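Subject: Structure handover

Hello,

Here is the structure I promised to pass on. My notes follow below it.

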Amino acid sequence: MTFSAVIVAAGSGTRAGPGQAKQWRLLAGKPVLRWSVEAFLAAGASELVIVTTDDGEAALPTVLEGLGGWRVAKGGATRAQSVQSGLRALAHRPADEPVLIHDAARPLLARQTIREVLKALEGADGVLPALPVADTLKRAEPDQNPVTTSREHLWRAQTPQAARRQTLLDAYAAWSEGEPTDDVQVIEAAGGRVAIAPGDPLLLKLTYPEDFAMAERLAGAARVTRVGQGFDAHRWGPGEEVWLCGVAIKHDETLIGHSDADAGLHALTDAILGAIGEGDIGDHFPPTDPKWRGAASDQFLRHAVDLVSAKGGVLVNVDVTLICERPKIKPHRQAMRERLAEILGLSVDRVSVKATTTEKMGFTGRGEGLAASAVVAVETPA
């Protein structure tokens with residue numbers, strides 16, 4: 001099922017304590033908002049609207065660096081106004097397309113929750129993920145003993161809440177009862193049928209300072225680290241320079257290949273594709289296609305990085321080893337690291353380039369060719 005999403009990130013979050021609004025604070029080293037954006041991208045959202053303030057819009061290119069597929073709408077004075085702003089930004093989408101409305105303050109969003117919400121919407125006008133209340137409830141009036149309240153049929157509402165776009169717009173247009181606490185409330189008031197989908201205990205809302213401490217402990221369970229490896233080799237042929245890890249090196253030979261034969265970039269591209277289960281470089285850029293003859297290999301690597309972003313993932317670090325007797329790699333190693341960091345959008349300290357020989361053994365030892373291996377770590381939603 002195709003769907004769009006609106007992330008509400010326009011609040012000030014004053015209850016979370018002094019400092020930045022909670023959607024911009026770091027959780028496990030990553031901005032809170034970015035967690036939800038990555039989750040929706042990984043789940044295949046057709047379009048993603050982030051509703052925020054002017055200051056928030058200015059911060060988004062940094063907060064969401066390396067991620068595409070999102071656009072911005074201006075937030076309103078209330079959450080309801082912000083939601084409607086996000087819905088209007090999707091006016092070009094089909095009127096009956098499902099839209100998921102999510103609070104940026106709930107960062108640990110799993111793809112399973114998104115799937116459950118969309119599934120439940122097939123038979124309802126609106127859907128919310130929710131958890132049954134497990135704790136004993138007490139109602140306490142001032143200066144009176146607490147009174148136990150039944151928890152039967154009580155649920156803890158979460159987001160993302162879903163409805164078809166026009167259904168939700170019409171329900172908000174008809175609402176006249178003050179500020180609604182969530183989106184399905186306006187659908188209820190309009191006479192719509194609301195269904196409950198399974199919630200997620202990890203999908204807690206960051207409201208108070210202590211919530212951040214709990215979220216830090218839970219964040220590891222919401223992400224997985226995948227490791228990929230790649231290998232490539234090319235033979236030497238007549239030439240005057242060789243491309244390695246995106247850097248041109250003057251040499252009395254060149255590597256022969258369909259593209260620029262940059263073995264370092266090819267191995268690294270394969271390692272990234274392997275980490276996310278997307279085949280190998282030949283699947284995406286067939287050597288039989290004349291389009292890629294002599295092509296610069298950095299575009300292959302950028303494509304692999306874009307695929308990681310599309311899955312809501314991020315590169316953690318990369319390690320490339322060049323295997324050759326010559327040319328000497330050490331004088332160019334720092335330039336290679338900096339070039340790779342630029343292409344990958346990583347800091348240089350997350351990029352390693354090493355070189356070794358085979359002590360005159362094998363095809364590299366005989367000077368017949370050069371080989372490269374690469375290992376990468378990629379973090380993706382669980």
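Start with a pair of helices: α8 passes α10 in a left-handed crossing. Left-handed means that the near helix is turned anticlockwise from the far one by less than a right angle. The contact is made by Leu265, His266, Leu268, Thr269, Ile272 and Leu273 of α8, and by Asp298, Phe300, Leu301, Ala304, Val305, Leu307 and Val308 of α10. Contact means heavy atoms within 4.5 Å. Ten of these residues are nonpolar, two polar and one charged. Here Ala, Val, Leu, Ile, Met, Phe, Trp, Tyr, Cys and Pro count as nonpolar, Asp, Glu, Lys and Arg as charged, and the others, Gly among them, as polar.

Some background. This is a predicted model: local features need pLDDT of at least 70, side-chain atom pairs count only at pLDDT 80 or more, and totals for chains, interfaces and linings use all residues. Residues are numbered from 1 along each chain as its sequence is written, and side-chain values use heavy atoms, with hydrogens and water left out.

Back to the pair. Helix α8 spans residues 263–275 and helix α10 residues 298–310. Their axes, lines fitted to C-alpha atoms over the stretch in contact, come within 9 Å and cross at roughly 15 degrees. α8 and α10 are therefore roughly parallel, a term for angles under 35 degrees.

Next, the cores. A nonpolar core is a set of buried Ala, Val, Leu, Ile, Met, Phe, Trp, Tyr and Cys residues joined through side-chain atoms within 4.5 Å. Buried means under 20% relative accessible area, with a 1.4 Å probe. The largest core has 41 residues, and Leu244, Leu268, Ile272, Leu322, Met336, Leu340 and Leu344 touch the most other members. Elements giving it two or more residues include α10, α11 (333–344) and β17 (314–323). α8 gives the most, with eight residues. Leaving aside neighbours within four places in sequence, Leu340 is in contact with Cys245, Leu265, Leu268, Leu301, Val320, Val351 and Val353. Another core, of 31 residues, lies apart from this one and has Val37, Ala45, Val127 and Ala195 among its members.

One more residue of α8 is Ala267. Ala267 is buried, with a relative accessible area of 0%. Beyond four places in sequence, Ala267 is in contact with Gly230, Phe231, Asp232, Ala372, Ser373 and Ala374.

Finally, the whole chain. There are twelve helices and 19 strands, taken as DSSP runs (helices H or I, at least four residues; strands E, at least two). Of the 382 residues, 49% count as buried.

Best wishes

How values were computed:
Axes are lines fitted to C-alpha atoms, for helices over the stretch in contact, and angles run from 0 to 180 degrees between N-to-C directions. Angles under 35 degrees count as roughly parallel, over 145 as roughly antiparallel, 65 to 115 as roughly perpendicular and the rest as oblique. Buried means under 20% relative accessible area, exposed over 50%, partly exposed in between (1.4 Å probe, protein chains only).
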